[in-house]
Amino acid sequence: KELPAGQLVAYTKPANAKEIAVKKPAAPKPKKVAAEPGQVDGAKWIWHASPATSDQSRLRKSFEVKDLKQAILHVTCDNGAQVFINGKLVVNNPDWHQPSRADITKHLKPGKNELRAEARNTGGIGGFIASLALKNKSGKETKIQSDASWQAAAPKTEEWKAAVVLANYG
């Protein structure tokens, strides 16, 4: 349609035009940080220092396994972490809003094992929390949870010390 120079022309809807409704996508709601009931009760948020404002922390825990039937790991980190069992990556937790759960039974061996986390924080206070439920063949369950018994080190160091407990889970 040719428009006259310098004038506004009123819009006239063509007879065969169909109106298209445009829906705005709903803003994503943040997911609640929750694990399965009872899975992390008693676990502590830990880091290598307090306040936990550094952008990385390394955490580890050694433990013994005997007569294992099942091992389920729950983990989350503000803001994210990679978790290794005996040097092998078993969980990548990319966002603390969504805890990660993994069956790590096949990665454990009879005797001594090591759980290690490479944690990262992107502003504010960081924190890492984990709970490993080990069930033996007779059904007895043992939990290994993040607390002051873990070891922690700053990035790029081998200065392992007791982890700093920042807060209880909750």
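First, some housekeeping. What we have is a predicted model, in which local features need pLDDT of at least 70 and side-chain atom pairs count only at pLDDT 80 or more, while totals for chains, interfaces and linings use all residues. Residues are numbered from 1 along each chain as its sequence is written, and side-chain values use heavy atoms, with hydrogens and water left out.

Let's start with the sheet. Six strands form an open sheet in the order β5-β4-β7-β2-β10-β11, and the pairing is antiparallel. At its edges sit β5 (88-93) and β11 (161-162), each pairing on one side only. A strand here is a DSSP run of E with at least two residues, numbered from the N terminus, and two strands pair if DSSP finds at least two bridges between them.

Now look at β4, residues 80-85, which pairs with β5 in the antiparallel sense over five bridges. Which residue in β5 is the bridge partner of Val 83? That partner is Val 91.

The loop between β4 and β5 holds Asn 86. Asn 86 is not a glycine, yet its phi is positive, near 50 degrees. Its relative accessible area is 32%, so Asn 86 is partly exposed (buried is under 20%, exposed over 50%, partly exposed in between, with a 1.4 Å probe and protein chains only).

Lys 156, in the loop between β10 (151-153) and β11, also has a positive phi, near 60 degrees. Lys 156 counts as exposed because its relative accessibility is 85%.

Finally, please find Pro 51, in the loop between β1 (44-47) and β2 (56-65). The peptide bond leading from Ser 50 to Pro 51 is cis, with omega near 0 degrees.

Terms used
Helices (H or I, at least four residues) and strands (E, at least two) are DSSP runs, numbered from the N terminus.
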